[in-house]
Amino acid sequence: MISKRLCIALLCVLAVLVTGYAQVSSKDKKPASNQPTARQETALPATDGKNQKQETATPAADAKTPKQETTKPPKPALPYVIAADDFSNLQLSDATKPIYDAHTLSDRISLGLPVALPALSPYYSGKTAYLTFDDGPDDEVTLTVLDILAENNVKATFYVTGINAATYPDTVRRMVAEGHAVGNHSYDHDYDRLYSSPDAFLYEMVQTDEILYGILGFRPLILRAPGGTFSNFTSAYEACLEENGYVEHDWNVSTADTAPGNPTAQDFVDNVMAQTADGKESAIILMHSSSGHQETAKALPEIIRVLRERGYRFGVVTPMTPQPW
Ligand SMILES: [Zn+2]
């Protein structure tokens with residue numbers, strides 16, 4: 001009897017559960033059921049269709065994405081040009097972008113690539129001023145100079161030493177990122193060692209290139225001989241640089257910001273004004289941005305203003321920049 005009752009009770013429970021479920025499921029269906037369901041069903045394929053469209057649209061979008069990706073790299077144009085392996089792209093038609101080499105000298109030799117540059121015509125395009133800053137970088141004067149150049153939308157050239165580049169690599173990266181040219185200015189500016197022989201000079205150039213390559217992933221082709229070539233170079237030095245693909249530029253305007261007697265910013269402005277009074281077509285202007293040259297930074301806004309007033313545009317030094325004499 002008990003089991004019968006139990007069975008009945010269980011059956012009742014089951015019946016209640018089933019009915020409840022049926023009600024619940026029909027309730028569940030109801031809101032979405034009947035027409036709505038049908039709509040949904042008709043809508044669904046439509047949605048599916050849309051989805052398919054979306055899917056077909058998505059691949060299209062996907063297709064666009066790679067396109068954008070392929071068109072993107074040239075879009076944020078690099079502020080510099082990388083030399084072709086065979087140097088065939090060096091003859092640029094403007095002086096606004098620096099040129100670097102993706103290979104060090106030793107890489108070029110080991111890869112069997114040309115080392116000497118092809119014959120390049122000097123670039124002329126009206127009065128151009130090349131602001132050049134030697135001996136840096138540091139973490140004070142050079143940063144101020146970079147700020148002033150940015151404020152005035154002027155690109156310049158920094159001939160850095162290997163030892164200072166290694167000490168302030170972020171400043172070197174900033175120079176390049178902001179479109180300035182970085183050139184080689186020996187490892188540590190030691191005249192005795194540099195000018196003991198052409199090979200010794202070349203050794204320091206290579207040493208500094210390796211440091212710059214480590215920081216930037218490329219190296220300059222331009223250099224400035226510490227102290228200038230006039231009293232330091234013989235024809236053997238010139239031949240050595242030519243054979244190894246380096247282009248040296250001295251200057252034809254000097255701020256004389258390393259002169260003794262604590263010269264002031266106004267002296268530097270006066271020197272630039274006096275030396276550009278002849279309206280020279282190409283003015284390569286010597287300045288220094290190493291530690292202690294705050295007066296140079298102070299003079300810079302006025303130097304830029306004066307040169308602009310005299311009709312100069314500003315260029316960066318490249319292998320095609322005309323020699324100052
Ligand atoms: Zn120097």
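Which residue of S2 is the bridge partner of Ile82? Start with that pairing, then take me through the rest.

Modeller: The bridge partner of Ile82 in S2 is Tyr100. A caution before going on: this is a predicted model.

Ile82 belongs to strand S1, which covers 81–82. Strand S2 spans residues 99–101. Two bridges join S1 and S2, and the two strands run parallel. They are part of an open sheet of three strands, ordered S1-S2-S6, with mixed pairing. S1 and strand S6 (219–220) stand at the edges. Each has a single partner strand, so one side of each is left without a neighbour in the sheet.

Next, the loop between S1 and S2. Phe87 lies there. Its phi is positive, about 65°, although Phe87 is not a glycine. Most residues other than glycine have a negative phi. Phe87 counts as buried, because 21 C-beta neighbours fall inside 10 Å and the cut-off is 20 or more.

Leu90 sits in this loop between S1 and S2 too. Leu90 has 19 other C-beta atoms within 10 Å, so it is partly exposed. Setting aside neighbours within four places in sequence, Leu90 contacts Ala83, Ile99, Leu117, Leu120 and Pro319. Take Pro319 from that list: 229 residues separate it from Leu90 along the chain, yet their C-alpha atoms are 7.9 Å apart.

That contact leads to the chain as a whole. The protein has 11 helices and 11 strands. Of its 325 residues, 31% count as buried. Consider the contacts between residues at least 6 apart in sequence: 78% of them join residues at least 24 apart.

Now to another set of strands: S3, S4 and S5. Strand S3 covers residues 128–134 and pairs with S4 in the parallel sense, over three bridges. Within that pairing, Thr132 has Thr157 of S4 as its bridge partner. S4 is joined to S5 by four bridges, and these strands run parallel. There, Tyr159 has Gly183 of S5 as its bridge partner.

Both S4 and S5 are buried on their two sides. In S4, Thr157 and Tyr159 point one way, Phe158 and Val160 point the other way, and all are buried. Strand S5 (residues 181–184) is covered on both faces: Ala181 and Gly183 are buried on one side, Val182 and Asn184 on the other.

Pro137 is in the loop between S3 and H4. The peptide bond from Gly136 to Pro137 is cis, with omega near -5°. Most peptide bonds are trans.

Val154 is in the loop between helix H4 (141–151) and strand S4 (157–160). Val154 has 22 C-beta neighbours inside 10 Å, so it counts as buried. Residues up to four places away in sequence aside, Val154 touches Leu131, Leu149, Ile304 and Phe314. Phe314 is 160 residues from Val154 in sequence, but 6.3 Å away in space, C-alpha to C-alpha.

Last, helix H10. Ala256 is in the loop between S9 and H10. Its phi is near 55°, positive in a residue other than glycine. Ala256 has 16 C-beta neighbours inside 10 Å, so it counts as partly exposed.

H10 itself covers residues 265–275, and its buried residues are Phe268, Asn271 and Val272. They cover an arc of only 95° around the axis, which puts them on the same side of H10. The face turned away from that buried side carries the exposed residues Gln266 and Ala274.

What do the buried residues of H10 pack against? They pack against strand S9 (253–254), strand S10 (282–288) and helix H11 (294–309).

H10 and H11 pack at an angle of about 35°, and their axes are 8 Å apart. The crossing is right-handed. From H10, the contact uses Ala265, Phe268, Val269, Val272 and Met273. From H11, it uses Glu295, Thr296, Lys298, Ala299, Glu302, Ile303 and Val306. By type, the residues of this contact are eight nonpolar, one polar and three charged.

Notes:
Residues numbered from 1 in each chain as written. Predicted model: local features only at pLDDT ≥ 70, side-chain atom pairs only at ≥ 80, totals over all residues. Pairing = 2+ DSSP bridges. Buried ≥ 20, exposed ≤ 12 C-beta atoms within 10 Å, placed from the backbone. Contact = placed C-beta atoms within 7 Å. Arc of directions from axis to C-beta. Axes fitted to C-alpha atoms, helices over the stretch in contact; angles between N-to-C directions. Left-handed = near helix turned anticlockwise from the far one by under 90°. Nonpolar A, V, L, I, M, F, W, Y, C, P; charged D, E, K, R; others polar.
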